[in-house]
Amino acid sequence: MAPGVARRARRRVRGAPPAGARARSAEDWWWDRLAPSGSGYHLLQSDSMLLVLPGPGPSRARAHRRVARRPQRLPPVGARAAAAKARPRPAPAPAPAPPQAPDPGWGDRIPLEILLQIFGLLVAVDGPMPFLGRAARVCRRWHEAASQPALWHTVTLSPPLAGRHPKGGAKAGGAKAEEKLLASLECLMPSRFSQLQKLTLIHWKSQLVSESCPRLTFLKLSDCHGVTPDTLIMLARACPQLHSLDIQHSMVESTAIVSFLEEVGPRMRKLWLTYSSQTTAILGALLGSCCPQLQVLEVSSGINPNSNPLQLPVEALQKGCPQLQVLRLLNLMWLPKPSGRVGTPGPGFPNLEELCLAGPTCSFVSDEALGRLLRGSPNLRLLDLRGCARITPAGLCDLPCQELQQLHLGLYGMSDWPTLAKEGSPLLTHKWCHTLRELDLSGQGFSEKDLEQALAVFSGTPGHSHAALCSLNLRGTRVTPSTVSSVISSCPGLLYLNLESCRCLPRGLKRAYRGPEEVRWCLEQLLTSTPSPS
């Protein structure tokens, strides 16, 4: 063989793949050429290109040659028996665990006593409806807690769309919603309302199942219509503990209220009324001693005030309600009836603690009428005479009460300054400086010197103790900066100070101060400001 032919044959043999090796493809060649193993790069093949990317790439599946399966030689029979004995037997499978019940959640883990305390805090703020109804749907534990009658002491019920004027189909929808609410209440009353004590009905037109509220003590009807005498009488008989009735802003016939008062009788304690043409009949029943244990009586004007004055026989009221503790005649013209020719004084209100006669500026309350009303009332603590321009300091000084804590004499909207008293304010502070906590002199016409003498009393309280005054309203008065500085320094517990429209004070200080920080800031400004008034 020629030498050249031998060399070419050896090259072919040397470059030929070994026996059993697969042939390399073009893809494998590019893979090893562009991203060899250990180079830190890898190939990523897309539809129309081949990308070289840094970092180790995913493992690339390569084609492997098929290896012919060789028949396995079986060991001898004796060897197989020995291997079976030497092989460890598998441990028996454990018995299956009993199926576990699903986790009820954290709601069922809370003790019932803790849930009752939490629900009680929420009910005290927002009432039981609708919170307790929604909480009862969470789980069985919450349903048990929400069903406790102790949480249903105070309930306010208002039908859907209360106070709104339905339009179109909303009227039918409101009727259906009200029927649904009544159906729900019929289910709730037997189990929830057994401990109910206070019930408020707003825009209510349906009858109430009073047999389900044996412990009801307070009932309020707000903007309710169609209340009949039979309804109130049935309520009074079914609720033996009912002693308070609030029917302000409700259209209730006087005959129904009189029948209720006569049925309740001596157990009646509190009564709230709205002054109307029918109030005279109700007051006549009170004057006839149908409620001798009445303690709170409030008569106020409605949204549209009645221009007719309320004539109230003071002495007859004192005989009919001798246990009265709170008397409020608010925002109405009160005209006391004459005591008669003989002028026999009444027994008074020995337990009276609060008297409110606040109303319009055209009040007919005088010193004589106030003396008749407060005769024999040594325990009076609050006296509200706002708008009573005919009351004088001398008449107040003659009152029998010695422990007065709140005195309100503000005159709002008064433009007739010449008719107001210019002197006499020291009589008030000298009498009650040791007990007075709130004093309202807004709009009064006392002079600068008179106010200075009156407020100087608080700096020399008996026993060199600090005054108890915590609220002072001097709006629209002639108080001076030195007087204000003295009263602030003498009353460290002062929390409210009103200096609006005070003509003798510098600009920037004529406003209301709330809190000890603001009152202290006012004192600093008064001490550093110039004495010239604005």
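I take a disulfide to be a pair of cysteine sulfur atoms within 2.5 Å. I am working from a predicted model.

**Entry: cysteines**

How many does the rule give? The count comes to zero disulfides. I then checked Cys 470. Cys 470 is in no disulfide, and its nearest cysteine sulfur belongs to Cys 491, 9.6 Å away. I turned the search around. From Cys 491, the nearest cysteine sulfur is that of Cys 470, at 9.6 Å, and Cys 491 is likewise in no disulfide.

Cys 470 has a relative accessible area of 15%, so it counts as buried, the limit being under 20%. Cys 491 is buried too, at 2% relative accessibility.

**Entry: a surface patch**

Next I looked at the surface. Which residues form a nonpolar patch there? I noted Ile 114, Ile 118 and Leu 122. Together they have about 230 Å² of accessible area. I placed Ile 114 in helix α4, which covers residues 112–126. Its relative accessible area is 39%, so I list Ile 114 as partly exposed.

**Entry: Asp 384**

Last, I went to Asp 384. I found it in strand β15, residues 382–384. Is Asp 384 buried or exposed? Asp 384 is buried, because its relative accessible area is 5% and the limit is under 20%. I then listed its contacts, leaving aside neighbours within four places in sequence. Asp 384 touches Leu 355, Cys 356, Leu 357, Ala 358 and His 408.

How values were computed. Residues numbered from 1 in each chain as written. Predicted model: local features only at pLDDT ≥ 70, side-chain atom pairs only at ≥ 80, totals over all residues. Heavy atoms only, no water. Patch = residues over 30% accessible without salt bridge, like charges linked within 9 Å, V, L, I, M, F, W, Y side chains within 5 Å. Areas by Shrake-Rupley, 256 points an atom, 1.4 Å probe, with all protein chains shown as cover. Salt bridge = Lys/Arg side-chain N within 4 Å of Asp/Glu carboxyl O. Helix = DSSP H or I, 4+ residues; strand = E, 2+ residues; numbered from the N terminus. Buried < 20%, exposed > 50% of the residue type's maximum accessible area, 1.4 Å probe, protein only. Contact = heavy atoms within 4.5 Å.
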